[in-house]
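Subject: Handover of a structure, with notes on what was found

Dear colleague,

Please find the structure below, followed by a summary of what was found in it. Kindly keep it open beside this message while you read.

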Amino acid sequence: MGLGYVGLATALCFADAGYEVLGVDIDPEKIRMIASGRSPIHEVGIESLLSGSLKDGHFSVSSDVKDAITRTDITFVTVGTPSQPDGDIDLSFISSAAAEIGTALGAKKEYHLVVVKSTVVPTSTTFSILPILETSSGKKVPVDFGLCFSPEFLREGTAIEDTMNPDALIIGSEDDRSSGVLSRLYEAFYRGKLPYTLVTSTSNAEFVKYSVNAFRATQLSFLNSLANLCEKIPGADVGEVTKGLRAVTKIDERYLKSGLGFGGSCLPKDLRALISTFQKTGLNPELLTATLVVNNAQPRRAIEVSREFLGEIRDKQFALLGLSFKPGTDDIRESVAISLAVALVSSGARVRVYDPRAMSNARHVLGNSVEYAQTAISCLQHADCCILATGWDEFKKITPSGFKQLMRNPLIIDGCRLFDAPVFETTREVSFYQLGKNHNDARQPEFQVVPAKNYG
Ligand code: NAD
């Protein structure tokens, strides 16, 4: 239930493995698109999985929840849990989905397992979702139906690959029957390559999801803080520091990349929800608040650097390359690139944008405030400054002389550390600034160095 980034990827992976999967969504346009073989989201490999599984009949879509529950054994709930203004999550989509599932369960004789995959704060499954399911069905867990919380860790851009090869599986449940059914499903699905599986309480499983995302967010803000300091230290480059850090600490390198800050549909939202949970219990979330503060300030680095080079940026022409919150997806939810475009426009700059996949989503948010280019090349025409905001591979093809030929003033601010810095730094064709790297040719520290005492 819920055919978004998580639901569609999950459904198609099960269908590809030979399971009969019925996908349900409340958005009729989405249902129409998927039924016709077109994916509403950009994700590597999703179109071919969709057409294959529609053709072989393992996957079909419906908006009839009652029919779907009757014809299946297990329901994965993958509806959205967006942020509320106070940072807490909005449980309204999951509550109405639970009410619909419960009503359908009321009419079903056989046992059915409900698995919540949507991200929900600790206690939500047992204290919010379970009562709705029991009241609307008139039935009880674990006798009539089962309930588990099993968090999702897929990353957009590699959603299919991550679903097929997860780092771990977490099964949260309050009864052995429910966790047993889900364990057996995962064992059969992953066959010989079942990853580490933790079977625990629903609150612990909910907590694991938030701890992972808060940890990743904190890791990124930590690295961005170091990157900002590296810019002030002669000879320092956060890329090199990261190599050493990774080698010694063995930290997950997928989240050890500095840049303009983290965005997307998960990390900022989950961090705010965890902060709100701390506050509700009377505990001080100062570490997590600092993570958020650092992240909110980070996109401004690109604007500060552009001012250092250009002075006043009002009426200057900016080329913004990349709009999605990361390469490999069309998702712009909480994208740093979008907030950068908004900040540039409000500073009076003229902004032209380009993204290989996210243009249509961006238009809904940015409207007429920016100009939309058809290609990366046309985005650069006559620009005074280019900011690389999302590290799409195709941007790597643009050479220093390419930038020089197209731009009025070839200033490149590499906000995602995409380019090979030595290549761009050794040419006189462009002015190049990569975040996280010291660019002080004079090799003079920007801070006071205390001379060592002469002990001789
Ligand atoms: P999404 O917004 O892309 O998709 C949610 C879908 O649910 C939409 O298509 C919506 O129409 C549908 N929906 C809403 N109410 C419904 C209902 N009552 N019945 C049927 N369908 C309904 O969301 P997403 O990015 O796929 O995220 C889903 C959940 O998974 C969220 O809780 C999110 O935090 C979590 N999650 C997301 C990711 C990610 O990378 N996107 C990763 C891990 C976990």
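Two strands are said to pair if DSSP finds at least two bridges between them. Helices (H or I, at least four residues) and strands (E, at least two) are themselves DSSP runs, numbered from the N terminus. Leu-320 stands opposite Ile-387 in E11.

The model is predicted, so local features need pLDDT of at least 70 and side-chain atom pairs count only at pLDDT 80 or more, while totals for chains, interfaces and linings use all residues. Residues are numbered from 1 along each chain as its sequence is written, and side-chain values use heavy atoms, with hydrogens and water left out.

The sheet

An open sheet of 6 strands runs in the order E10-E9-E8-E11-E12-E13, with parallel pairing. Its edge strands are E10 (371-372) and E13, each of which pairs on one side only. Strand E8 (residues 317-321) is joined to E11 by 4 bridges, and the two run parallel. Strand E11 (residues 385-388) is in turn joined to E12 by 3 bridges, again parallel. Here Ile-387 has Ile-413 of E12 as its bridge partner. Between these two strands the chain passes through helix H17 (residues 400-406), and this β-α-β crossover is right-handed. The term right-handed means that, with the strands pointing away from the viewer, the path from the first strand over the helix to the second runs clockwise.

On its other pairing, E12 meets strand E13 (residues 431-434) in the parallel sense over 4 bridges. Ile-412 has Phe-432 in E13 as its bridge partner.

Which residues of strand E12 point one way, and which the other? Leu-411 and Ile-413 point one way from E12 (residues 411-414), Ile-412 and Asp-414 point the other way, and all are buried. Buried means under 20% relative accessible area, exposed means over 50%, and partly exposed lies in between (1.4 Å probe, protein chains only).

In the loop between H17 and E12 is Asn-409. With a relative accessibility of 28%, Asn-409 counts as partly exposed. Asn-409 and Asp-384 are 25 residues apart in sequence, yet 4.5 Å apart in space, C-alpha to C-alpha.

Aromatic pairs

Rings of Phe, Tyr and Trp (its six-membered ring) pair if their centres lie within 6.5 Å; planes under 30 degrees apart count as stacked, over 60 as edge-to-face and the rest as tilted. A search of the whole structure finds 12 aromatic pairs. One of them joins Phe-403 and Phe-419, with ring centres 5.7 Å apart and planes at 85°, so this pair is edge-to-face. Phe-403 lies in helix H17 and Phe-419 in the loop between E12 and helix H18 (421-425), 16 residues apart. Both Phe-403 and Phe-419 are buried.

Why is the pair of Phe-403 and Phe-424 edge-to-face? The ring centres of Phe-403 and Phe-424 are 6.0 Å apart and the planes are at 70°, so the pair falls in that class. Because Phe-403 lies in H17 and Phe-424 in H18, this pair ties together parts that are 21 residues apart in sequence. The relative accessible area is 0% for Phe-403 and 4% for Phe-424, which is also buried.

Elsewhere, Phe-14, Tyr-19, Phe-76, Tyr-186, Phe-189 and Tyr-190 form one aromatic cluster.

Empty space

Rolling a probe the size of a water molecule over the atoms shows where empty space is left. On a 1 Å grid over the protein atoms alone, a cavity is a set of points where a 1.4 Å probe fits but cannot get out, and a pocket is an open set with protein on both sides within 12 Å along at least five of seven lines; lining residues have an atom within 4 Å of a point. Grid points are joined across faces, edges and corners, and a volume is the space filled by probe spheres set on the points.

The search finds 1 cavity of 30 Å³ or more. The largest cavity holds about 30 Å³ of space. Its lining consists of Val-77, Ile-94, Ala-98, Ile-101, Val-114, Val-116, Ile-129 and Leu-133. Helix H5 (92-106), strand E4 (112-116) and helix H6 (124-137) each give two or more residues to the lining of the largest cavity.
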